[in-house]
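Please open the structure in your viewer and keep the sequence beside it, so that each selection can be followed in both places. The tour begins with the whole chain and then turns to single residues.

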Amino acid sequence: MAQAKIQAKMNEAAQASLAGTLSMADRSGRLLETLDQLEMRVEALRDAASAMEQERECILEMIQSIQSSQEMRNICAGEREELTLTANRLMGRTLSVEISVGTIRNSQQAEALRKATSIIDEIVKKLLDDMDSSRQKLLALHAACVTEAPAVPIDQKFQAVVISCALEDQKKIKRRLETLLRNVENAQNNIKIMDHQKLEDPIANGSQ
């Protein structure tokens, strides 16, 4: 134990002596190297937090999908109540996890994000009134966010707005549109299933 302390003191003395002989350029270089290493760790931290943020969004979307699914409607009331309680519990626990990755923006990028958000919000407001038309508009907005050639027309105005956004905001805008499109598709599928059941009911009743 005592020998280890003596060795540590000797190492400290050697480092102090070395620091005294380092030139200003050497000290600056070592500090710059340390800051470069810290920058990589900061970016890794932000990437990890962003991945956790996306995982949280994914879990919430899956829970909501289960809650509104046709399967949930096709089970008995007792089982549905039990599953609903479980889903609500999981929703609450997921919402209790707070993750925030801030984005540094200049005034132009902040204004571009506001415009992009406003455009999407306006379409979302009209979703229930005209789901098909709203879906086509969302597809056009999403096409403006992808690099590969889309199969639908691109909303050129929206594309210009998105390009002016910060890179992290561009990714979040694209993810939001993808989530909205999945929700619309699920809603349309549920409507088709319910409508199909209505069409089958008279036939079933007539055959009894």
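Predicted model: local features only at pLDDT ≥ 70, side-chain atom pairs only at ≥ 80, totals over all residues.

**Whole protein.** Colour the chain by secondary structure, and you will find 8 helices and 0 strands, which read along the sequence as α-α-α-α-α-α-α-α. If you then colour by burial, 22% of the 208 residues count as buried, while the accessible surface comes to about 15,200 Å², with 57% of that surface belonging to carbon and sulfur atoms. Among contacts between residues at least 6 apart in sequence, 69% join residues at least 24 apart.

**Glutamate 53.** Next, select helix H2, which covers residues 24-67, and pick out glutamate 53 within it. Does glutamate 53 have a salt bridge, or no salt bridge, and which side chain of opposite charge is nearest? This residue is buried yet has no salt bridge, and the nearest side chain of opposite charge, that of lysine 172, is 4.1 Å away, whereas the cut-off for a salt bridge is 4 Å. Now show the neighbours: leaving aside residues up to four places away in sequence, glutamate 53 touches Ile99, Ser100, Val101, Lys172 and Arg175.

**Aspartate 47.** Stay in helix H2 and move to aspartate 47. Is aspartate 47 buried or exposed? Aspartate 47 counts as exposed because its relative accessible area is 52%, and the cut-off for exposed is over 50%.

**The negative patch.** Finally, select Glu33, Asp36, Glu39 and Glu43 together with Asp47, and you will see a patch of negative charge on the surface.

How values were computed: Residues numbered from 1 in each chain as written. Heavy atoms only, no water. Helix = DSSP H or I, 4+ residues; strand = E, 2+ residues; numbered from the N terminus. Buried < 20%, exposed > 50% of the residue type's maximum accessible area, 1.4 Å probe, protein only. Lys, Arg positive; Asp, Glu negative; His and termini not counted. Contact = heavy atoms within 4.5 Å. Areas by Shrake-Rupley, 256 points an atom, 1.4 Å probe, with all protein chains shown as cover. Patch = residues over 30% accessible without salt bridge, like charges linked within 9 Å, V, L, I, M, F, W, Y side chains within 5 Å. Charge placed at Lys NZ, Arg CZ, Asp CG, Glu CD.
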